[in-house]
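Dear colleague,

Please find below the structure that I am handing over to you, with its sequence.

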Amino acid sequence: MKNKTSNGVIDALLYVFVFVMVQLLITYLVCIAWGMVEGKPFSQALAAVAAGNVSTSIPQLIVIQSVFSLVVMLIFLWKRWATVSRTYLQTWPVAVLFWVTIAALGTVIPSEAFVELVPLPDWSGDSLTGLLGSRWGYLAICIFAPLVEELVFRGAILRALLGTMRSHWVAITFSALIFAVVHFNPIQMPHAFFLGLLLGWMYYRTGSIIPGIMLHWVNNTVAYAIYNIFPQYHDSTLLQLFGGNTTKVALAVLFSFFIFIPAVLQLHMRMKRES
């Protein structure tokens, strides 16, 4: 059993390594190609990237994320580290996807409240806000990110861990921790860890990444929609949004839990555990 568990952990770490290395490689290649399109010779573009003298624009980030996502999905499907099946969709899980959506909506305000109560460094700079403010940024953040991250972190990493660890919650927690760390941005890590637990639990119950893709898509789309519908408020805190009234903030968080908890209970009843 110990050797089997070790193999599962090694496989999971291999998948993380490939995920990170492909991201770095695609970033370098796109930056070199971008420099050449702007008229730089290959040697000069390569030297600039190697020296770190490249400022990545929002269009570059969109291209990097899109190409990276496609390459990673192709690698993981080609190597059969993750598999795709229509079996779960054929069960018509409409009710599950509905309650997944409600659960995702219930995490928005509590997550923001936690970030404001426990301030952490934001290493993304203006890149994340730039992607949120771009029309094509929706493709990178809300379409490609949910697909590739669920395929890798639940469909490959968590699947490997679940197949070798006695406790499914140990496997889910370990995969959620990896998911949080790989975001490489402290301010995003708590929310990513919490979502990783929820996403992992849904995968364990269904054996499918479809519910996770749905939750991931809703979570990212809500952030994108709020930023673009209310751009004047994107730097505002919850306290500022509620007119400085802490009672209203507390009630908003409480109301969110009244949405989230029943949604999770509904999912518990409706999602059949994968045997």
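Trp92 has a relative accessible area of 71%, and because exposed means over 50%, it counts as exposed. Its backbone also deserves a look: phi of Trp92 is positive, at about 50°, although the residue is not a glycine. Please bear in mind that this is a predicted model.

A positive phi in a residue other than glycine occurs also at Phe184, where the value is near 55°. Phe184 is placed in the loop between helix 8 (168-181) and helix 9. With 45% relative accessibility, Phe184 is partly exposed.

Thr83 is partly exposed, at 47% relative accessibility. Setting aside neighbours within four places in sequence, the contacts of Thr83 are Leu77 and Arg159. Thr83 and Ala156 are separated by 73 residues in sequence, while their C-alpha atoms are 8.2 Å apart in space.

On the overall architecture, the protein has 12 helices and 0 strands. Along the sequence this gives the pattern α-α-α-α-α-α-α-α-α-α-α-α. The C-alpha atoms fill a box of roughly 60 × 55 × 35 Å along the principal axes. For 275 residues, a compact globule would have a radius of gyration near 19 Å, and the 20 Å of the protein agrees with this. Of the 275 residues, 43% count as buried. Among the contacts with a separation of 6 or more, 79% are between residues 24 or more positions apart. The protein exposes about 15100 Å², of which carbon and sulfur atoms supply 69%.

Beyond its neighbours within four places in sequence, Ile109 is in contact with Leu238, Ala252, Val253 and Ser256. Ile109 and Leu254 are 145 residues apart in sequence, and their C-alpha atoms are 9.4 Å apart.

Finally, I turn to the second largest pocket, which has a volume of about 810 Å³. Its lining consists of 29 residues, and those that lie nearest its centre are Tyr88, Thr206, Gly207, Ser208 and Ile209. Helix 3 (58-78), helix 7 (137-162), helix 9 (189-206) and helix 10 (210-229) are the elements that give two or more residues to this lining. Which helix gives the largest share of the lining? That helix is helix 7, with 5 residues. By residue class, the lining of the second largest pocket divides into 16 nonpolar, 9 polar and 4 charged residues.

With kind regards

Note on methods. Residues numbered from 1 in each chain as written. Predicted model: local features only at pLDDT ≥ 70, side-chain atom pairs only at ≥ 80, totals over all residues. Heavy atoms only, no water. 1 Å grid on protein atoms, 1.4 Å probe; cavity = no way out; pocket = protein on both sides within 12 Å on 5 of 7 lines; lining within 4 Å. Points joined across faces, edges and corners; volume = space filled by probe spheres on them. Helix = DSSP H or I, 4+ residues; strand = E, 2+ residues; numbered from the N terminus. Nonpolar A, V, L, I, M, F, W, Y, C, P; charged D, E, K, R; others polar. Rg over C-alpha atoms; globule rule 2.2 N^0.38 Å. Buried < 20%, exposed > 50% of the residue type's maximum accessible area, 1.4 Å probe, protein only. Contact = heavy atoms within 4.5 Å. Areas by Shrake-Rupley, 256 points an atom, 1.4 Å probe, with all protein chains shown as cover.
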